[in-house]
Amino acid sequence: MNTKEVSRAMILAAGRGTRMKSLTDDVPKPMLPVQGKPILQHIVDGLSKNGVREFLIVVGYRKEVIMEFFGDGSKFGVKVEYVEQVTQDGTGKVVELGRGFTGEDPFVLSYGDILVSPESYAPLVELDGDDARMTVKVDQDVSKGGAVFITNDYVTDLIEKPQPGQPTSPYYNAGIYTFTPEIYDYIANLELSPRGEYELTDAIRNMALDGRKVRAVELSGDWADVRDPEVLAELNDA
């Protein structure tokens with residue numbers, strides 16, 4: 001049984017965010033401000049309120065902006081380390097960059113452009129015997145992300161960007177997870193997806209198909225994938 005509290009988190013913040021166009025000329029997308037605070041700071045603050053104290057931020061484009069802002073994390077009451085993603089080969093392989101940081105401990109993984117309320121992280125800082133947890137949201141367009149299939153609170157399958165004619169689900173992959181180190185075994189066996197990338201969702205799907213306990217955590221509060229200027233504007237007008 002894995003009942004150990006989760007005190008570490010990895011945040012993927014290496015991309016530029018090309019859909020943001022000129023807004024990311026000088027800063028990476030995770031550093032764009034929402035309600036006067038960078039997206040990335042919202043994530044760090046929310047997780048720290050739930051007991052996460054050690055962070056690994058995966059940086060790439062304009063990495064100095066992130067590193068200069070957060071430093072060692074002390075001014076935010078946490079410890080921050082950094083690793084650079086040099087090769088952009090998908091969300092699967094990038095997680096391997098955290099292996100030295102996470103060691104034998106469970107960890108939260110978040111994309112650097114997903115915003116939720118702080119209380120939404122609470123079910124993710126524990127595992128209670130689960131092998132992994134993944135957040136899901138209802139009433140989203142699953143064709144833009146992942147359709148998650150769930151039975152009795154556990155993930156049974158996952159289809160990335162389902163096409164017309166494929167099975168679908170009301171549950172959308174909300175982009176925040178908790179993993180045990182077992183995830184690295186599944187990442188090591190990933191094959192290239194049809195998009196030519198190593199997909200984290202393929203690793204999670206393989207865990208579920210193997211019968212591993214991947215619990216779905218439905219988010220009922222605020223959630224936003226800050227994918228484009230329109231979403232960013234809506235958040236700042238709220």
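Gln35 is partly exposed, with a relative accessible area of 47%; here buried means under 20% relative accessible area, exposed over 50% and partly exposed in between, using a 1.4 Å probe and protein chains only. The model is predicted, and local features need pLDDT of at least 70 while side-chain atom pairs count only at pLDDT 80 or more, although totals for chains, interfaces and linings use all residues. Residues are numbered from 1 along each chain as its sequence is written, and side-chain values use heavy atoms, with hydrogens and water left out.

Gln35 is placed in the loop between strand S2 (33-34) and strand S3 (37-38). Helices (H or I, at least four residues) and strands (E, at least two) are DSSP runs, numbered from the N terminus. Although Gln35 is not a glycine, its phi is positive, at about 55 degrees. Most residues other than glycine have a negative phi. A positive phi, of about 45 degrees, is also found at Lys161, again not a glycine. Lys161 belongs to the loop between strand S10 (154-160) and strand S11 (171-179). Its relative accessibility is 28%, so Lys161 counts as partly exposed.

Lys161 also takes part in a salt bridge with Glu160, in which the closest N and O atoms are 3.6 Å apart. A salt bridge is defined as a side-chain nitrogen of Lys or Arg within 4 Å of a carboxyl oxygen of Asp or Glu. Glu160 is partly exposed, at a relative accessible area of 29%. Side chains of opposite charge can pair when their charged atoms come close.

A search of the whole structure gives 18 salt bridges. One of them joins Arg8 to Glu54, with 3.6 Å between the closest N and O atoms. Arg8 lies in strand S1 (residues 8-13) and Glu54 in strand S4 (residues 54-59), so this pair ties together parts that are 46 residues apart in sequence. Arg8 is buried, with a relative accessible area of 18%, whereas Glu54 is partly exposed at 23% relative accessibility. Arg8 also meets Asp105 in a salt bridge, at 3.7 Å from N to O. This second pair links distant parts of the chain, 97 residues apart, with Arg8 in strand S1 and Asp105 in the loop between helix H4 (99-102) and strand S6 (107-111). Asp105 counts as buried, at 18% relative accessibility. Elsewhere, a network of salt bridges links Glu126, Asp130, Arg133 and Arg215.

Val6 lies in the segment before S1 and is buried, at 2% relative accessibility. Contact means heavy atoms within 4.5 Å. With neighbours within four places in sequence left aside, the contacts of Val6 are Gly51, Val52, Pro106, Phe107, Val108, Leu124, Val125, Glu126 and Thr178. The C-alpha atoms of Val6 and Ala216 are separated by 17 Å, the two residues being 210 residues apart along the chain.

Helix packing was examined for H1 and H2. Helix H1 (residues 39-48) packs with helix H2 (residues 63-70) at an angle of about 45 degrees, and their axes are 11 Å apart. H1 is therefore oblique to H2. Axes are lines fitted to C-alpha atoms, for helices over the stretch in contact, and angles run from 0 to 180 degrees between N-to-C directions. Angles under 35 degrees count as roughly parallel, over 145 as roughly antiparallel, 65 to 115 as roughly perpendicular and the rest as oblique. The crossing of H1 past H2 is right-handed, that is, the near helix is turned clockwise from the far one by less than a right angle. At the contact, Leu40, Gln41 and Val44 of H1 meet Ile66, Phe69 and Phe70 of H2. By class, this contact has 5 nonpolar, 1 polar and no charged residues. Ala, Val, Leu, Ile, Met, Phe, Trp, Tyr, Cys and Pro count as nonpolar, Asp, Glu, Lys and Arg as charged, and the others, Gly among them, as polar. In H1, 9 of the 10 residues are buried, so the helix is largely enclosed by the rest of the structure. Among the buried residues of H1 are Ile39, Ile43 and Leu47.

Ile187 is located in helix H5 (residues 182-188) and is buried, with a relative accessible area of 0%. Apart from neighbours within four places in sequence, Ile187 is in contact with Gly92, Lys93, Val95, Glu96, Leu200 and Ala203.
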